Protein chains: 2
Amino acid sequence: MPAKTNGVGVQVEDTKICVVMVGLPARGKSYIAQIAQRYLQWLSIPAQTFNAAVADMLRWFRSGGVVGILDATNSTKDRRKWVHEICKANGIEVLFVESLCDKEEVIMANILDVKTSSPDYKDQDPDEAANDFRRRISQYEKVYKTIDGDGDEGDYTYLKIMNIGKQVIINRIQDYLQSRIVYYLMNLHIRPRSVWLSRHGESLYNLDGRIGGDTMLSPRGELYAKKLPELVRESVGDDRPLTVWTSTLKRTIATSRWLPPHYNQLQWKALDELDSGVCDGLTYQEIKDSYPEDFVARDDDKYNYRYPAGESYRDVVIRLEPIIMELERSEDILIVTHQAVLRCIYAYFMKKDQAKSPWMNVPLHTLIKLTPRAYGTEEIRYEANIPAVSTWRGKGSTAKHEAPTGDTM
Amino acid sequence: MPAKTNGVGVQVEDTKICVVMVGLPARGKSYIAQIAQRYLQWLSIPAQTFNAAVADMLRWFRSGGVVGILDATNSTKDRRKWVHEICKANGIEVLFVESLCDKEEVIMANILDVKTSSPDYKDQDPDEAANDFRRRISQYEKVYKTIDGDGDEGDYTYLKIMNIGKQVIINRIQDYLQSRIVYYLMNLHIRPRSVWLSRHGESLYNLDGRIGGDTMLSPRGELYAKKLPELVRESVGDDRPLTVWTSTLKRTIATSRWLPPHYNQLQWKALDELDSGVCDGLTYQEIKDSYPEDFVARDDDKYNYRYPAGESYRDVVIRLEPIIMELERSEDILIVTHQAVLRCIYAYFMKKDQAKSPWMNVPLHTLIKLTPRAYGTEEIRYEANIPAVSTWRGKGSTAKHEAPTGDTM
């Protein structure tokens with residue numbers, strides 16, 4: 001019988017990888033560790049970060065963990081050899097990820113970032129904290145040895161990242177999941193940027209309470225399209241160049257058509273709405289009437305439920321993976337897309353639980369600005385103040401339009 | 001208005017990249033060049049290989065070329081500087097790809113490969129040809145300088161591949177298309193392997209002449225499922241481990257269910273049949289009756305035609321791209337999938353014209369073995385000799401079942 005898969009085509013139960021961070025303090029190790037963990041969890045791959053606690057990590061692997069990330073300096077060859085041996089003895093592959101940086105301004109920015117946001121330094125004088133931190137770094141510098149590709153460590157699987165992505169060295173990557181992690185990490189950058197998200201303007205199907213389809217905007221949806229350039233200008237400013245990504249469906253393209261002509265616009269099929277298969281074009285009442293078992297099954301497990309001849313949220317996440325990869329490579333991007341797709345992208349940046357994200361309220365006629373920071377993603381919302389129907393739906397409901405309730409974001 | 005895209009989300013008309021191969025003879029440069037060209041052409045990105053003819057290449061860029069691959073040794077810093085300057089002056093990005101190899105057996109295998117298959121040596125005595133080739137290499141070795149990441153060349157965008165993928169160094173990759181090319185090349189390997197392709201056994205919808213759906217196998221389809229392990233054993237042998245990839249649809253999973261239990265099986269949604277949207281479950285006669293304009297439009301340009309609420313062949317190629325990437329990373333794989341998907345995968349390996357590939361005849365109940373070689377892909381077919389309907393269809397035809405005619409493969 002076919003083996004269970006996690007949906008990205010990997011038999012994750014056969015794989016255990018320990019990602020061992022290597023590098024001096026303030027080289028972005030914790031940033032890399034937390035963003036890798038977020039990415040893997042978003043793909044439903046059990047991933048967890050550990051601070052030097054190898055025993056805890058081994059216990060976690062035994063209980064089903066797939067990617068454990070050891071976020072420590074691991075700065076000596078002896079320490080790395082020890083970690084490598086203990087992992088191998090437990091059937092765990094090892095991927096060393098070394099972050100090197102010789103740009104003083106990046107290191108200083110990292111120090112300031114840690115100093116201002118780390119609980120370790122919360123009550124300290126800023127200058128004193130920075131000095132204390134520099135002293136800690138110089139202690140590590142005395143013993144630090146980079147991974148030596150020509151020497152004993154040449155047989156290790158490793159990724160060296162120089163100055164956050166300017167140059168990378170990749171050695172002996174062996175399997176699929178390792179290659180996904182490496183490709184993801186080599187695409188990261190730390191130049192400041194934001195991602196703006198918007199649903200299309202209210203559509204004719206939205207008015208009818210119908211799902212899917214490829215209808216045009218309602219008159220109020222047209223008003224939003226006209227208003228969008230103003231919202232964007234307010235948030236982005238005049239002189240930052242922006243690239244606009246839409247789906248291939250009429251309602252997102254129409255919503256973006258009044259944006260400044262010097263913005264590049266790209267259409268991605270991967271941004272099309274979740275394919276509702278045989279239910280495309282139906283209202284929830286019609287789905288309940290025609291496919292009562294499907295209606296219940298979807299509410300039971302909305303993330304995994306796949307419409308007959310259509311998609312699940314899990315399927316959408318997989319097809320969005322190249323979009324996420326490209327977003328990580330890019331600078332400022334505005335994405336005009338659809339409710340389910342926006343929920344999935346939002347869940348990636350905001351670390352939302354995949355079981356909950358399909359129930360999030362993502363109102364129409366609202367621009368969301370997300371800005372990745374070292375310790376999480378900042379969010380600002382801009383409302384167009386143009387009325388629109390609610391397309392949110394509570395569990396079990398067949399209402400045409402329904403006001404969102406409770407913890408829906 | 002939205003900019004034109006090539007469907008992978010890249011504005012290819014804005015990008016021109018010269019991939020400059022670097023390396024001594026017999027380091028796999030031509031192999032890398034031709035396989036990169038094949039991959040890009042499969043993605044509908046205009047790509048062409050040139051042997052040292054820079055002027056020809058510049059002319060080709062002016063006529064709309066996107067990725068030009070300069071397949072020569074480019075072994076001195078001066079030569080590389082000259083290529084870099086001439087490209088920059090013409091608005092062309094430069095990506096150096098250096099292939100290094102210190103394994104004598106790989107170099108010898110490459111020499112033998114060139115010697116036996118290159119027209120340069122066709123009429124020569126084999127030993128003399130090998131000696132001649134070694135003399136040529138030692139000439140280049142005298143002047144050869146590797147790309148120097150710490151020196152003047154540190155600002156170049158480059159990929160260094162050591163021993164075909166064992167280690168790679170990536171420097172200053174800048175845009176999306178460069179990153180795709182680099183990711184593709186870093187996944188290549190030259191360990192011997194084959195890819196086996198099969199459609200599912202004849203399905204109930206095949207009998208009816210209906211497209212799409214998720215029906216079970218016909219009695220003859222069941223016979224094929226029972227016979228498949230024997231065909232596979234005949235082709236693969238007993239002791240090579242094989243991984244089986246199916247789609248998520250019942251007919252491919254059922255077709256694979258009698259294969260040896262020690263074969264790993266993975267289901268990929270990306271291997272599901274082309275989504276025929278509103279036409280799912282219809283016969284071609286019903287499509288012509290209900291959607292006469294679509295019927296004609298599809299026959300006019302089958303590769304680009306997208307079913308309403310469904311997919312085009314072009315869309316299928318894009319969603320297959322991760323499958324191709326993973327195939328390049330893998331060793332022996334058997335893929336049990338669907339007519340349109342198999343046509344797309346076959347087109348990749350066999351360099352088939354995308355305009356023609358949707359019309360290829362891919363008979364049911366046949367196992368295809370593809371083996372990548374240095375200068376192309378070898379093909380062997382194994383017929384199960386179990387009768388099945390033909391699902392091939394000629395342009396304009398609405399026949400339920402039709403015998404293939406003319407140049408259909």
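**View 1. Surroundings of A:His200 in a predicted model.** Leaving aside neighbours within four places in sequence, A:His200 is in contact (heavy atoms within 4.5 Å) with A:Asn206, A:Tyr224, A:Arg251, A:Thr252, A:Thr255, A:Val336, A:Thr337, A:His338 and A:Leu364. The side chain of A:His200 makes a polar contact with that of A:Arg251, at 3.3 Å. A polar contact is a pair of N or O atoms within 3.5 Å; within protein, one must be able to donate a hydrogen and the other to accept it, and residues adjacent in sequence count only if both atoms are side-chain atoms. A:His200 sits in the loop between strand S7 (195-199) and helix H7 (204-208) of chain A. Helices (H or I, at least four residues) and strands (E, at least two) are DSSP runs, numbered from the N terminus. A:His200 is buried, with a relative accessible area of 2%. Buried means under 20% relative accessible area, exposed over 50%, partly exposed in between (1.4 Å probe, protein chains only).

**View 2. A:Leu204 in helix H7 of chain A.** A:Leu204 is partly exposed, at 38% relative accessibility. Not counting residues up to four places away in sequence, A:Leu204 touches A:Thr215, A:Met216, A:Leu217 and A:Ser218.

**View 3. The "binding site" positions listed by UniProt.** The unreviewed entry lists A:Arg199, A:His200, A:Gly201, A:Glu202, A:Ser203, A:Leu204, A:Tyr205, A:Asn206 and A:Arg251. They are spread over 53 residues of sequence, yet cluster in space, with a largest C-alpha distance of 14.1 Å. UniProt positions follow the numbering used here, feature names are shortened, and annotations may be inferred rather than shown by experiment.

**View 4. B:Val67 and the largest nonpolar core.** A nonpolar core is a set of buried Ala, Val, Leu, Ile, Met, Phe, Trp, Tyr and Cys residues joined through side-chain atoms within 4.5 Å. Of the 146 residues in the largest one, A:Val67, A:Ile170, A:Leu185, B:Val67, B:Ile170 and B:Leu185 touch the most other members. Apart from this core lies another, of 45 residues, among them A:Leu24, A:Phe50, A:Cys87 and A:Ile92.

**View 5. The axis relating chains A and B.** A rotation of 180° with 0.0 Å of shift along its axis superposes chain B on chain A (RMSD 0.1 Å). That is the relation of a two-fold axis. In chain B, the C-alpha nearest the axis is that of B:Ile169, 2.1 Å from it. Copies are superposed by least squares on the C-alpha atoms of residues with pLDDT of at least 70 in both.

**Notes.** Residues are numbered from 1 along each chain as its sequence is written, and chains are lettered from A and ligands numbered from 1 in the order in which they are written. In this predicted model, local features need pLDDT of at least 70, side-chain atom pairs count only at pLDDT 80 or more, and totals for chains, interfaces and linings use all residues; side-chain values use heavy atoms, with hydrogens and water left out.
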